[in-house]
Amino acid sequence: MASSLLFPKLLVFVVAGVLPAISSSPGLGCYRSIISFGDSLADTGNALHLARSAGRSTHAGSLPYGQTHFRRPTGRFSDGRLVIDFVAERLGLPYVAPYYGDDGGGSVEDFRKGVNFAVGGATALDGSFFEGRGMGSNFPNESLGVQLGLFKELLPSLCYTSSDCKDFLGNSLVLMGEIGGNDYNHPFFMGKDLEEIQDFVPLVIEEIVSAISELIHLGAVTILVPGNFPIGCLPAYLTKFQSSDKEAYDPSTGCLNWLNEFSQYHNEQLQLKLDHLRELHPRTKIIYVDYYNAAIRFFSPQINSGLKGRYLEHAAEEEEPTIITRLHYAVPTRRCVMTRPHMQAGTVSISQKQHTDGFLRA
């Protein structure tokens with residue numbers, strides 16, 4: 001992996017959300033575990049362990065990573081917790097153990113409470129896809145297909161019969177990403193044309209949908225599927241693709257229009273495919289998590305400056321950096337006695353560093 005950092009190290013997300021509760025069917029009980037796939041937005045230590053095993057260093061293995069909550073680096077690409085950590089807390093579950101990690105993971109008992117296959121820098125498409133298009137062979141071999149394969153190998157140790165496994169997955173919350181962003185980040189920063197990268201979108205989404213379909217077949221009942229962020233607002237993209245043409249920028253946010261339109265295209269195509277999956281599997285809760293619209297509002301200078309003033313004191317108390325943006329996200333909660341859906345509001349905060357360990361993911 002290249003060692004350059006393409007995002008600022010200390011961009012903090014303060015996540016405040018409306019947390020819609022998902023109906024609990026009688027007899028199913030509460031969520032017993034979290035199964036996670038994705039990239040560094042969800043990685044709780046896998047990339048760090050893989051780097052150390054290969055004799056390499058990674059930025060997530062040294063301070064300031066982990067300094068605010070864990071008081072030490074844990075392999076999270078954050079100075080504190082990730083969204084997945086807050087989801088676990090919300091559901092009353094332990095932090096999700098990294099599959100490769102030696103930081104609380106490794107035992108079957110740990111993995112029965114949750115297991116995380118997400119790896120910083122991971123792509124939805126296999127590395128051979130990019131190599132075949134002349135983009136080199138330096139892509140991590142931890143694509144979504146590899147992660148899913150590892151889960152299928154692990155599953156027989158978590159449950160013993162097909163019925164047991166369906167019960168286990170039926171009572172687990174599956175987090176499908178975010179995944180796919182790196183499939184675009186790599187070629188964008190290699191100078192590939194927009195038209196060529198747009199051709200990747202159906203292939204990326206097909207990988208995501210295929211993985212979801214396989215998990216449903218294995219017994220998954222509730223699956224969260226995040227979309228992509230407005231990449232035209234991210235500092236690395238703004239720097240790489242800066243333009244003297246004022247029309248290239250959204251005057252209300254300062255973001256690059258054409259890059260945000262690309263993110264919207266990915267998200268629209270993903271949602272169309274998820275709609276089709278819902279038709280095929282009406283008893284499965286497939287929940288799209290709208291990262292794009294959650295984030296875009298807070299790139300407004302007026303809102304951002306107001307948030308800085310409003311939350312600076314709280315950030316200082318938490319020993320967080322003070323570059324603050326606010327997001328909303330959806331987390332399903334399941335209560336043992338519920339028989340019908342309801343909405344529940346709540347507020348959480350999260351420190352999320354925007355950088356890449358040689359790749360463009362936060």
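Because the model is predicted, local features need pLDDT of at least 70 and side-chain atom pairs count only at pLDDT 80 or more, while totals for chains, interfaces and linings use all residues. Residues are numbered from 1 along each chain as its sequence is written, and side-chain values use heavy atoms, without hydrogens and water.

Let's start with the rings. Phe, Tyr and Trp rings (the six-membered one for Trp) pair if their centres lie within 6.5 Å; planes under 30 degrees apart are stacked, over 60 edge-to-face, and the rest tilted. The count comes to 20 aromatic pairs. In one of them, Phe188 and Phe241 sit 6.1 Å centre to centre with 75 degrees between the planes, edge-to-face. Phe188 lies in helix H7 and Phe241 in the loop between H10 and H11, 53 residues apart.

Phe188 also pairs with Trp258: the centres are 6.0 Å apart and the planes at 65 degrees, so this pair is edge-to-face. Trp258 is in H11, 70 residues from Phe188.

Buried or exposed, where does Phe188 fall? At 1% relative accessibility, Phe188 counts as buried (under 20% relative accessible area; exposed is over 50%, partly exposed in between, with a 1.4 Å probe and protein chains only). Trp258, at 29%, is partly exposed. Ring pairs join Phe188, Phe241 and Trp258 into a cluster with Tyr184, Phe189, Tyr237 and Phe262.

Finally, the helices (DSSP runs of H or I, at least four residues). Helix H5, residues 144-158, packs against H9, residues 201-218, at about 10 degrees, with axes 10 Å apart (lines fitted to C-alpha atoms over the stretch in contact, with angles from 0 to 180 degrees between N-to-C directions). That makes H5 roughly parallel to H9 (under 35 degrees; over 145 is roughly antiparallel, 65 to 115 roughly perpendicular, the rest oblique). Thanks, everyone!

Methods. Helices (H or I, at least four residues) and strands (E, at least two) are DSSP runs, numbered from the N terminus.
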